[in-house]
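Please keep the sequence and the model in view while reading.

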Amino acid sequence: MEGSRSAAMVLLLTFVCTILCVCKNVAAELPRFEHPARGGGGSVAFLVVGDWGRKGHYNQSLVSHQMGKIAEDLDIDFVVSTGDNFYDNGLHGEDDPNFLDSFSNVYTSRSLHKQWYSVLGNHDYRGNAVAQLSSYLRKIDSRWLCLRSFVVNTEIAELFFVDTTPMVEEYFTNPGDHTYDWRGVLPVKSYVANLLQDVETALKESKAKWRIVIGHHAIRSISHHGDTRELVDQLLPILRANGVDFYINGHDHCLQQISDNQSPIQFLTSGGGSKAWRGEMDKSNVGVVKFFYDGQGFMSVTLDSSDVEVVFYDVSGRALHRWTMSKFLLSSLM
């Protein structure tokens, strides 16, 4: 009974947040979801995957299989999706079979039947973006939770999910043959200004030990898309000023870790959920590149009040890169 009541409350909150996201374009407190850490706040473990929704093709099913194994080993609390959830052009509507074909019927491991927290990517905006925000999808698969921007509080860590696609000017000025669903976003200048204000306010008010920001687009990247200028100019200063530890993204179909050259922030890309881009690398990026892999895979994050471990895995489940750091040492890097 308690479980069903909790699920109903999340469903109601998701519905209310969806209505607000579609109908309003004003500065407001970001929707918050409580996901308490295990053992009374002792530790948190989660997987991160991005750019995945291809009906199991391009090794999506193989990545999913290995995610299930690692999720069981780590006893994860939840999964983070960094966007581009459904290719090529998002969902057509709430009843689009692509939701089942690319999500429910692919991520079938018992260990992956945890809450999924998702943001929208640019490919999601090319379809019916509002459909992905709908509480109706939670009736189809209760794991699914996708909003434009929101906060997940695990007590020792807060995760700030940010809708980065409307920040990228090219999608408005040079959309090419693509049509974007900008409902709830226009006028875009005020939408972005309010969003940045909301994120800054939420970060300033955070008392969490770890602060993690998630968006679809990279701030720093040495892969195909490279740095996202708008995020470097508008979002990065906010992250630097408010003690953010990690910025996690997808968009580039690779795995990478880059250290900021002006703060302790680690830029982590997990965009290898299906189709990857081989051989696309630009070392002229501003930042210290600690790891880069131009193939398919995913990432795990495990943290407690004092330490964090980030591991990148390939399509066979092999750990390609393992990075551990204490909160004290990370904070003292700059």
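Is glutamate 158 buried or exposed, and what is its relative accessible area? Glutamate 158 has a relative accessible area of 5% and is therefore buried, since buried means under 20%. The model discussed here is predicted.

**Salt bridges**

- Across the whole structure, a search finds twelve salt bridges.
- Glutamate 158 and arginine 32 form a salt bridge through their side chains, with a distance of 2.5 Å from N to O.
- This pair links distant parts of the chain, for glutamate 158 belongs to strand β7 and arginine 32 to strand β1, 126 residues apart.
- Arginine 32 is partly exposed because its relative accessible area is 30%, a value between the limits of 20% and 50%.
- Aspartate 227 and arginine 220 also meet in a salt bridge, at 2.8 Å from N to O.
- Within this pair, arginine 220 is buried at a relative accessible area of 8%, whereas aspartate 227 is partly exposed at 28%.

- Eight strands make up an open sheet with mixed pairing, in the order β1-β6-β7-β8-β9-β11-β10-β12.
- Its edge strands are β1 (32–34) and β12 (288–293), each of which pairs on one side only.
- From one strand to the next, the twist averages 15°.
- Strand β10 (residues 255–259) and β12 run antiparallel and are joined by five bridges.
- Isoleucine 258 stands opposite valine 289, a residue of β12.

**Aromatic rings**

- The count of aromatic pairs comes to 27.
- In one of these pairs, the rings of phenylalanine 103 and tyrosine 107 have centres 6.1 Å apart and planes at 50°, so the pair is tilted; an angle under 30 degrees would count as stacked and one over 60 as edge-to-face.
- Phenylalanine 103 and tyrosine 107 are both buried.
- Tyrosine 171 and tyrosine 180 form a tilted pair as well, because their planes lie at 35°, with ring centres 5.4 Å apart.
- Both tyrosine 171 and tyrosine 180 are buried.
- One aromatic cluster consists of Trp52, Phe86, Phe99, Phe103, Tyr107, Trp116 and Trp144.
- Lysine 327 lies over the face of tryptophan 210, at 5.2 Å from the ring centre.

**Arginine 54 and its partners**

- Arginine 54 lies over the face of tyrosine 58, at 5.3 Å from the ring centre.
- Arginine 54 also forms a salt bridge with aspartate 88, in which the closest N and O atoms are 3.7 Å apart.
- The two residues are 34 residues apart and link distant parts of the chain: arginine 54 is in the loop between β2 (43–49) and α3 (60–74), and aspartate 88 is in the loop between β3 (78–81) and α4 (98–104).
- Arginine 54 is buried, with a relative accessible area of 13%, while aspartate 88 counts as partly exposed at 48%.

**Backbone features**

- In general, most residues other than glycine have a negative phi, and most peptide bonds are trans.
- The peptide bond from tyrosine 87 to aspartate 88 is cis, with omega near -10°.
- Leucine 186 and proline 187 are likewise joined by a cis peptide bond, with omega about -5°.
- Proline 187 is placed in the loop between α8 (170–173) and α9.
- Aspartate 51 is not a glycine, yet its phi is positive at about 60°.
- Asparagine 59, also not a glycine, has a positive phi of about 70°.
- Aspartate 51 is found in the loop between β2 and α3, and asparagine 59 is found in the loop between β2 and α3 too.
- Aspartate 51 counts as buried because its relative accessibility is 0%, whereas asparagine 59, at 31%, counts as partly exposed.

Technical notes
Residues numbered from 1 in each chain as written. Predicted model: local features only at pLDDT ≥ 70, side-chain atom pairs only at ≥ 80, totals over all residues. Heavy atoms only, no water. Phe/Tyr/Trp six-rings, centres within 6.5 Å; stacked < 30°, edge-to-face > 60°. Buried < 20%, exposed > 50% of the residue type's maximum accessible area, 1.4 Å probe, protein only. Lys NZ or Arg CZ within 6 Å of the ring centre and 35° of its normal. Pairing = 2+ DSSP bridges. Helix = DSSP H or I, 4+ residues; strand = E, 2+ residues; numbered from the N terminus. Axes fitted to C-alpha atoms, helices over the stretch in contact; angles between N-to-C directions. Salt bridge = Lys/Arg side-chain N within 4 Å of Asp/Glu carboxyl O.
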